[in-house]
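Reader: Please take me through how to read helix packing and a strand pair in a model.

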Amino acid sequence: MPLPQSLHQRFRRFSFGVPWNLFLITAGSLLVAFAVKSLAAPFGLLTGGMSGLGLLCFYLFPKLSAGAWYFLLNVPVFVLGWVSVSRRFILYSLYGMAAVTVFIEAIDYVAPIQDVWLAVIACGACMGLGIGMAMRSLGSTGGVDILAVMCKERFNISIGTFDFWFNIAVFAAGFSFLDLNVMLYSLAMTLIISMVTDYCLRVFANRVMVLVISERPREVLEVILRQLDRGATVLSGRGGYTGHDKEVVLTMINGIQLKRLEELVYSIDPRAFTIMGSGFHVLGEGFSPRKVY
């Protein structure tokens with residue numbers, strides 16, 4: 001008999017749909033635009049990626065705004081991507097690129113920060129959070145992400161490697177035209193962006209694998225299925241000392257549910273043996289789907 005659809009199941013289905021992906025891209029684009037316009041540009045800082053290239057062009061040719069440069073640089077990228085990458089990824093990314101452009105043009109607020117190091121830290125954290133949010137969707141904010149995917153599919157170059165060399169090229173150009181101190185500040189900011197982006201991706205992707213060895217495995221399985229709304233697998237095991245056959249319950253949960261699972265298991269069997277391992281990236285039903293480019 002199928003389990004009744006819970007609120008958690010409905011939310012999970014919603015989180016994989018178009019509205020949720022557009023929300024993530026919109027929020028991420030707003031943070032990226034704010035970081036560029038309100039934190040980086042007032043200090044002449046250079047970010048990485050396509051936004052960094054747009055800022056460099058803006059510093060050298062200020063007749064066009066930073067948003068206009070960002071849009072113009074993305075146009076040929078999307079033309080190439082349209083024939084090389086999946087249409088769903090391109091359409092989501094096109095929306096992200098348009099959102100970043102509109103937000104950059106709309107924002108005229110300059111953060112009241114006097115210390116350049118505070119601007120470096122704030123911009124790195126804000127942009128890293130924005131990029132991380134957008135990358136949790138089925139699209140991106142455009143630019144380098146699309147080029148990286150194309151190179152991965154055609155030349156088997158990893159996305160991280162492509163991003164690294166693209167940023168090297170942008171910063172090499174920056175060292176040729178901009179002040180040395182500003183470029184060193186920008187390098188430090190890029191490191192913060194990378195760290196915050198990685199953290200955002202990890203904190204939402206990590207899952208905990210739990211093995212429960214209990215004398216009452218069916219009751220443990222029942223609470224996992226019905227109260228935690230998670231799937232589980234029953235493995236056949238044998239006691240190393242006693243040689244008795246045992247059923248071992250295997251499940252994957254997120255960190256928020258971990259304490260609740262402990263409470264449920266030990267309320268059923270105080271002598272249960274539970275093994276937990278964290279740091280897994282899980283793909284499959286009930287978890288984030290693999291992004292298909």
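Reader: How are helix 4 and helix 7 oriented to each other?

Author: Two packed helices are described by the angle between their axes and the distance between those axes. In this predicted model, helix 4 (residues 66–84) packs on helix 7 (residues 144–155) at about 40°, and their axes are 10 Å apart. Angles under 35 degrees would count as roughly parallel and 65 to 115 as roughly perpendicular, so this pair is oblique. Helix 4 passes helix 7 in a left-handed crossing.

Reader: Which residues make the contact?

Author: Helix 4 contributes Val-77, Phe-78, Leu-80, Gly-81 and Ser-84, while helix 7 contributes Ile-146, Leu-147, Met-150, Glu-153 and Arg-154. By class, 6 are nonpolar, 2 polar and 2 charged.

Reader: How does strand 2 run relative to strand 3, parallel or antiparallel?

Author: In a regular strand the side chains alternate between the two faces of the sheet. Here strand 2 (residues 232–238) and strand 3 (residues 245–253) run antiparallel, joined by 7 bridges. Val-234 has Val-249 as its bridge partner in strand 3. The hairpin has 6 residues between the strands, and Gly-243 takes a positive phi near 75° there.

Reader: Is Leu-221 buried or exposed?

Author: Leu-221 lies in helix 10 (residues 217–226). Its relative accessibility is 12%, and the cut-off for buried is under 20%, so Leu-221 counts as buried.

Reader: What is Leu-221 in contact with, neighbours within four places in sequence aside?

Author: Leu-221 is in contact with Ala-232, Val-234 and Val-249. Val-234 and Val-249 are the bridge partners named above. The C-alpha atoms of Leu-221 and Val-248 are separated by 9.6 Å, with the two residues 27 apart along the chain.

Technical notes. Residues are numbered from 1 along each chain as its sequence is written. This is a predicted model: local features need pLDDT of at least 70, side-chain atom pairs count only at pLDDT 80 or more; totals for chains, interfaces and linings use all residues. Side-chain values use heavy atoms; hydrogens and water are left out. Helices (H or I, at least four residues) and strands (E, at least two) are DSSP runs, numbered from the N terminus. Buried means under 20% relative accessible area, exposed over 50%, partly exposed in between (1.4 Å probe, protein chains only). Contact means heavy atoms within 4.5 Å. Two strands pair if DSSP finds at least two bridges between them. Axes are lines fitted to C-alpha atoms, for helices over the stretch in contact, and angles run from 0 to 180 degrees between N-to-C directions. Angles under 35 degrees count as roughly parallel, over 145 as roughly antiparallel, 65 to 115 as roughly perpendicular and the rest as oblique. A crossing is left-handed if the near helix is turned anticlockwise from the far one by less than a right angle, and right-handed if clockwise. Ala, Val, Leu, Ile, Met, Phe, Trp, Tyr, Cys and Pro count as nonpolar, Asp, Glu, Lys and Arg as charged, and the others, Gly among them, as polar.
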